[in-house]
Amino acid sequence: MAVEKLFWSDPYLTEADATVTGIDGAKVTLDRSIFFAFSGGQESDYGTIGGFSVDDACIDGKEIIYTLETIPSFKKGDSVTIRIDWERRYKLMRLHMAAELVLVLVMKMFPGIEKIGAHISEKKSRLDFVADSVLRQTLPEIEERALALVAEDAPIISDFSDKAAARRFWRIDGFGSLPCGGTHLKRTGEIGPLRLGRKNIGKGKERIEIELSVS
């Protein structure tokens with residue numbers, strides 16, 4: 001049975017109760033969870049299950065396996081409370097959406113460009129492309145367009161494209177859409193001020209780094 005991913009139905013939920021469906025030493029599975037596991041470049045949430053800190057969270061088929069800091073005292077079938085570090089989650093959500101906006105802008109400006117990597121942490125997000133200096137030269141324009149989208153405070157729609165296959169997407173009407181199974185904001189204005197930087201990561205490759213800046 002697949003875990004119910006509450007972080008999709010309500011990514012703003014910081015606490016929930018769940019039933020333990022399996023225990024193997026310090027590894028635990030649940031029937032439902034608000035705890036996002038590393039996927040699509042977005043880092044896992046930090047938090048606790050039944051008061052025990054989670055050291056690792058990974059996807060295994062339709063399950064999410066949580067590795068706790070120590071073997072828990074609760075048992076299979078017990079009800080436990082899950083709590084996440086909301087400050088971290090919200091930074092991840094903001095930097096994730098910022099990266100998604102930048103990705104769409106880059107694809108619009110450079111049709112056919114190849115993305116070769118992405119990573120979302122609570123300090124910054126990054127996108128890696130096969131690209132030459134043209135991408136670097138247009139970075140100020142990309143940042144300007146991204147900031148305009150943030151200022152617009154447009155609503156972000158997030159839903160299933162194929163519920164049976166657990167495929168999801170986000171969409172901003174009049175701007176663009178991408179398949180994505182991450183945690184999404186409700187509006188672009190929540191991203192707040194941001195700044196873009198770049199890094200050469202090898203011949204013919206460019207990295208765009210995205211950071212949140214203080215308003």
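The legends below walk through several close-up views of a predicted model.

The model is predicted, so local features need pLDDT of at least 70 and side-chain atom pairs count only at pLDDT 80 or more, while totals for chains, interfaces and linings use all residues. Residues are numbered from 1 along each chain as its sequence is written, and side-chain values use heavy atoms, with hydrogens and water left out.

**View 1. An open sheet of 4 strands with the order S9-S10-S15-S14.** Pairing in this sheet is antiparallel. The edge strands, S9 and S14 (194-200), each pair on one side only. On average, neighbouring strands are turned by 20° against each other, direction ignored. Here and below, helices (H or I, at least four residues) and strands (E, at least two) are DSSP runs numbered from the N terminus, and two strands pair if DSSP finds at least two bridges between them. Axes are lines fitted to C-alpha atoms, for helices over the stretch in contact, and angles run from 0 to 180 degrees between N-to-C directions.

**View 2. The hairpin of S9 and S10.** Here 4 residues sit between the two strands. Strand S9 (residues 114-120) and strand S10 (residues 125-130) run antiparallel and are joined by 6 bridges.

**View 3. S10 beside S15.** Strand S15 (residues 205-212) runs antiparallel to S10, and 6 bridges join the two. Two pairs make handy landmarks: valine 130 stands opposite lysine 205 in S15, and leucine 127 stands opposite isoleucine 208 in S15. Helix H2 (residues 86-109) packs on the sheet and touches S9, S10, S14 and S15, where contact means heavy atoms within 4.5 Å. The direction of H2 makes about 140° with that of S15.

**View 4. Helix H4 across S14 and S15.** Helix H4 (residues 139-152) runs at about 150° to S14. Look for glutamate 144, which is found in this helix. Glutamate 144 counts as exposed because its relative accessibility is 58%; buried means under 20% relative accessible area, exposed over 50%, and partly exposed in between (1.4 Å probe, protein chains only). Glutamate 144 and leucine 194 are 50 residues apart along the chain, and their C-alpha atoms are separated by 9.9 Å.

**View 5. Glutamate 209 with lysine 124 and lysine 199.** Both contacts are salt bridges, meaning a side-chain nitrogen of Lys or Arg within 4 Å of a carboxyl oxygen of Asp or Glu. Glutamate 209 meets lysine 124 at 3.5 Å, N to O. Lysine 124 lies in the loop between S9 and S10 and glutamate 209 in strand S15, so this pair ties together parts that are 85 residues apart in sequence. For lysine 199 and glutamate 209, the closest N and O atoms are 3.6 Å apart. Lysine 199 belongs to strand S14 and glutamate 209 to strand S15, so here the parts tied together are 10 residues apart in sequence. Glutamate 209 is buried, with a relative accessible area of 14%, whereas lysine 124 is partly exposed at 29% relative accessibility and lysine 199 is partly exposed at 38%.

**View 6. A closed barrel of 6 strands, S2-S3-S7-S6-S5-S8.** The barrel has antiparallel pairing, and its neighbouring strands are turned by 45° against each other on average, direction ignored. Strand S6 (residues 52-60) and strand S7 (residues 63-68) pair over 6 bridges in the antiparallel sense. Within this pair, isoleucine 59 has isoleucine 64 in S7 as its bridge partner.

**View 7. A salt bridge between arginine 83 and glutamate 15.** The closest N and O atoms are 3.0 Å apart. Arginine 83 is in strand S8 (residues 79-84) and glutamate 15 in strand S2 (residues 15-24), so the pair links distant parts of the chain, 68 residues apart. Arginine 83 is partly exposed at 40% relative accessibility, and glutamate 15 is partly exposed with a relative accessible area of 41%. The structure holds 17 salt bridges.

**View 8. Arginine 168 in strand S12 (residues 167-172).** Arginine 168 is buried yet has no salt bridge. The nearest side chain of opposite charge is aspartate 159, 4.6 Å away; Lys and Arg count as positive and Asp and Glu as negative, while His and the chain ends are not counted. The side chains of arginine 168 and serine 158 are joined by a polar contact of 3.1 Å (a pair of N or O atoms within 3.5 Å; within protein, one must be able to donate a hydrogen and the other to accept it, and residues adjacent in sequence count only if both atoms are side-chain atoms).
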